[in-house]
Amino acid sequence: HLEFHTVEFRKIVETLRTNAETLYSPSRHVRVAPRLPGIVRDVKAILGQKVEAGSILVTLESTDLGQAKSDYLQALTLVRLREKTWEQERNLADKKITSGRELLAAETALAEARLAADRALQKLVVFGLTPGQMKDIDPRLDLQAPIRGMIVEASAVSGESASPDKPLFTVADTERL
């Protein structure tokens with residue numbers, strides 16, 4: 001059986017009804033938690049706020065950070081003292097006034113002091129500090145947004161404790177879901 005129809009323009013509407021879940025791109029979705037325990041002192045971002053990479057989200061105060069900075073500065077001071085001692089022993093050894101044993105002891109003490117300073121420095125690097133933040137004993141640390149996006153979760157409250165296992169913010173790029 002054959003039918004004939006006139007050719008005409010019509011909208012084709014196809015509808016598909018289904019359940020769906022929207023997700024953030026995994027590479028553009030970041031939970032922000034401190035790398036060490038502390039107390040939230042100043043919350044600078046709120047839920048729904050758009051932030052740039054590097055924007056300060058919250059300021060924490062941490063006794064662990066203050067202690068780590070103090071240990072580092074103390075280690076640097078010890079390195080300087082050991083360098084002076086080594087230099088003095090080297091000058092005495094050059095003049096044959098002292099034995100090689102004292103020079104070797106000074107070299108060993110200097111090497112140990114440098115290793116201790118390196119360990120203390122690495123601890124601060126792991127905590128996320130920049131060289132400029134390592135110069136004082138200030139126990140405050142600013143947590144920054146690692147990417148540009150929107151604050152999609154926020155749980156930071158001034159005066160509450162913060163720890164590495166509890167994210168304070170979630171930043172996501174909401175332009176593409």
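Predicted model: local features only at pLDDT ≥ 70, side-chain atom pairs only at ≥ 80, totals over all residues.
**Stop 1: the whole chain**

Start with the chain drawn as a cartoon. Follow them from the N terminus and the order reads β-β-β-β-α-α-β-β-β-β.

Now turn the model around. Along its principal axes, the C-alpha trace spans about 120 × 45 × 20 Å. How does the radius of gyration of the chain stand against that of a compact globule of 177 residues? The chain has 30 Å, while such a globule would have a value near 16 Å.

The accessible surface comes to about 12,800 Å², and carbon and sulfur atoms account for 52% of that. Of the 177 residues, 25% count as buried. If you colour by charge, there are 25 positive and 25 negative charges to find, and their mean positions are 3 Å apart.

**Stop 2: the largest nonpolar core**

Select L57, V58, L60, I151, L168, F169 and V171. In the largest nonpolar core, which has 16 residues, these touch the most other members. Strands β4 (56–61) and β8 (169–172) each supply at least two residues of this core. Which element gives the largest share? That is β4, with three residues.

Stay with L60 and show what surrounds it. Beyond its neighbours within four places in sequence, L60 is in contact with P34, I39, V40, R41, P139, R140, L141, L143, A162 and L168. Another core, of 10 residues, lies apart from the largest one; to find it, select Y72, A120, L129 and L141, which are among its members.

**Stop 3: R41, a contact of L60**

R41 was on the contact list of L60, so click on it now; its relative accessibility is 42%, so it counts as partly exposed. R41 is found in strand β2 (residues 38–43). Leaving aside neighbours within four places in sequence, R41 is in contact with T59, L60, E61 and S158. Try the distance tool between R41 and G149: they are 108 residues apart along the chain, and their C-alpha atoms are separated by 23 Å.

**Stop 4: T170 in β8**

Go back to strand β8 and select T170. Is T170 buried or exposed? T170 counts as buried, because its relative accessibility is 1%. Its contacts, leaving aside neighbours within four places in sequence, are H29, V30, R31, M150, I151, V152 and E153.

**Stop 5: K96, between the helices**

Move to the loop between α1 (63–94) and α2 (100–126), where you will find K96. At 73% relative accessibility, K96 counts as exposed. Look at the backbone here too. Most residues other than glycine have a negative phi. K96 is not a glycine, yet its phi is positive, at about 60 degrees.

**Stop 6**

For the last stop, select P131 in the loop between α2 and β5 (140–144). Why does P131 count as exposed? Its relative accessibility is 62%, and the cut-off for exposed is over 50%. Finish with the distance from P131 to L121: these two are 10 residues apart in sequence, and their C-alpha atoms are 9.3 Å apart in space.

Conventions
Residues numbered from 1 in each chain as written. Heavy atoms only, no water. Helix = DSSP H or I, 4+ residues; strand = E, 2+ residues; numbered from the N terminus. Rg over C-alpha atoms; globule rule 2.2 N^0.38 Å. Buried < 20%, exposed > 50% of the residue type's maximum accessible area, 1.4 Å probe, protein only. Areas by Shrake-Rupley, 256 points an atom, 1.4 Å probe, with all protein chains shown as cover. Lys, Arg positive; Asp, Glu negative; His and termini not counted. Charge placed at Lys NZ, Arg CZ, Asp CG, Glu CD. Core = buried A, V, L, I, M, F, W, Y, C linked by side-chain atoms within 4.5 Å. Contact = heavy atoms within 4.5 Å.
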